[in-house]
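Subject: Structure handover

Hello,

Here is the structure for you to look at. My notes follow below it.

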Amino acid sequence: MKNGPISTEVVETADRCTLGVHLDLEALCLAQVVHGGLVEWTRVPYPNGLRPGAQGFAAFLKETVNEFYPLHRRATIWA
């Protein structure tokens with residue numbers, strides 16, 4: 001399990017994973033779960049002046065999720 005900088009490592013599995021997304025007050029929290037077990041997680045502070053709902057937040061969210069789990073299009077998203 002990792003925490004901290006976003007990893008570009010992808011856990012290779014034939015099973016689809018669940019990607020948890022939580023918009024905290026000060027950071028974006030992401031978790032990768034396979035078969036009910038936590039594989040990896042991270043907490044990414046929002047850039048200065050950027051909060052959910054602000055212009056540019058969607059691009060930040062998309063970029064951060066893509067860096068954390070490049071196969072996110074194959075994952076079930078849980079928020």
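Two strands are taken as paired if DSSP finds at least two bridges between them. Please keep in mind that this is a predicted model.

The sheet. Four strands make up an open sheet with mixed pairing, in the order E3-E2-E1-E4. Strands E3 (37–45) and E4 (76–78) are at the edges and have a single partner strand each, so one side of each has no neighbour in the sheet. On average, neighbouring strands are turned by 20 degrees against each other, direction ignored. E1 (residues 18–23) pairs with E4 in the parallel sense, over three bridges; Leu19 has Ile77 in E4 as its bridge partner. Helix H1 (residues 57–68) packs on this sheet and touches E1, E2 (27–34) and E3, with its direction at about 35 degrees to that of E2.

The loop between E2 and E3. His35 lies here. Its phi is near 55 degrees, a positive value in a residue other than glycine. With a relative accessibility of 69%, over the 50% cut-off, His35 counts as exposed.

The aromatic rings. Three aromatic pairs turn up in a search of the whole structure. In one of them, Tyr46 and Phe60, the ring centres are 6.1 Å apart and the planes stand at 75 degrees, so the pair is edge-to-face. This pair links distant parts of the chain, 14 residues apart: Tyr46 is in the loop between E3 and H1, and Phe60 is in helix H1. Tyr46 and Phe60 are both buried. Phe57 and Phe60 form a tilted pair, with 5.7 Å centre to centre and 50 degrees between the planes. Phe57 is also buried, and Tyr46, Phe57 and Phe60 form one aromatic cluster.

Regards

Key. Residues numbered from 1 in each chain as written. Predicted model: local features only at pLDDT ≥ 70, side-chain atom pairs only at ≥ 80, totals over all residues. Heavy atoms only, no water. Helix = DSSP H or I, 4+ residues; strand = E, 2+ residues; numbered from the N terminus. Axes fitted to C-alpha atoms, helices over the stretch in contact; angles between N-to-C directions. Contact = heavy atoms within 4.5 Å. Buried < 20%, exposed > 50% of the residue type's maximum accessible area, 1.4 Å probe, protein only. Phe/Tyr/Trp six-rings, centres within 6.5 Å; stacked < 30°, edge-to-face > 60°.
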